[in-house]
Amino acid sequence: TQSGPYQVKRYREKDGLRNGPRYRGATVYYPTDARGLLASIVIVPGYISPERSIRAWGPFYASHGIVAMTIGTNRPQDAPAARRRALLDAITSLKLENHRANSPLKGRLAVTRIAVSGWSMGGGGALEAATRAPQLKAVVALCPWNPYQTFSHRVPVLFLAGQRDRLAPVSDNALRHYEKTPASTPKLLFEVRNEGHWVANTPQGGNGAIGRLALS
């Protein structure tokens, strides 16, 4: 749960980052002093929630050597499918940073080692992304909401949930998706006792268990 060993900086679209049409606003957090090619993760928030609602994940991942891109949505009410499109568009923007002349990440990204994450409807969108982009390395679904569909994919998936989540009840969402994910797909469901829908908005949730498992 604590910050990692690397120094972190951030930049946005005004600094040259591509302005993707399927999301609204983005921030890239990166470790300035990590060596080697860097893995990355793109994170989207939930229903009527701004980018800042999941902002804490950006510097956390980056301090441990993982580039993190947090994004907003074009409309606060966007459904999971729109959030899936936002995540995939953001991946396009992030990959371009590996070649952009003035990018601090030029030549530093491992463009084949990318994960997606999202909270609430964003988590539902991240699960959908795995079905459209099988090359993803992982999905971190934070109290995901997407009760009307099931997904079959091979992308390793971590579900982080709160036992007392009333907005995205575990039985209808995280547990259901865990059970419907094929047994051949690496998967794990972690549920925090007596916690609700906001337990996974920051790495500190569950007395730090949320951040520890997500980072692992």
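Student: How much space lies in the second largest pocket?

Tutor: Keep in mind that this is a predicted model. The residues lining the second largest pocket include Y47, W119 and H197. As for its space, the value is about 160 Å³.

Student: And which classes of residue line that second largest pocket?

Tutor: Look at the names first: W145, L167, W198 and S120 are among the lining residues. Sorted by class, there are no charged residues, 2 polar ones and 6 nonpolar ones.

Student: Now the largest pocket: which residues are closest to its centre?

Tutor: This pocket holds about 340 Å³ of space, and 22 residues line it. Strand 5 (109-119), strand 6 (138-142) and helix 5 (209-215) are among the elements giving two or more residues to that lining. Closest to the centre are A115, A138, V140, A214 and S216.

Student: Is strand 6 mostly covered or mostly open?

Tutor: Strand 6 pairs with strand 5 in the parallel sense, over 5 bridges. Strand 6 also runs parallel to strand 7, joined by 4 bridges. Counting residues, 4 of the 5 in strand 6 are buried, so with buried meaning under 20% relative accessible area, the strand is mostly covered.

Student: What is the bridge partner of S117 in strand 6?

Tutor: Strand 5 and strand 6 belong to a right-handed β-α-β unit, with helix 3 (residues 121-132) as its helix. On the strand 7 side, L142 stands opposite L160. For S117, the partner in strand 6 is V140.

Key
Residues are numbered from 1 along each chain as its sequence is written. This is a predicted model: local features need pLDDT of at least 70, side-chain atom pairs count only at pLDDT 80 or more; totals for chains, interfaces and linings use all residues. Side-chain values use heavy atoms; hydrogens and water are left out. On a 1 Å grid over the protein atoms alone, a cavity is a set of points where a 1.4 Å probe fits but cannot get out, and a pocket is an open set with protein on both sides within 12 Å along at least five of seven lines; lining residues have an atom within 4 Å of a point. Grid points are joined across faces, edges and corners, and a volume is the space filled by probe spheres set on the points. Ala, Val, Leu, Ile, Met, Phe, Trp, Tyr, Cys and Pro count as nonpolar, Asp, Glu, Lys and Arg as charged, and the others, Gly among them, as polar. Buried means under 20% relative accessible area, exposed over 50%, partly exposed in between (1.4 Å probe, protein chains only). Two strands pair if DSSP finds at least two bridges between them. A crossover is right-handed if, with the strands pointing away from the viewer, the path from the first strand over the helix to the second runs clockwise.
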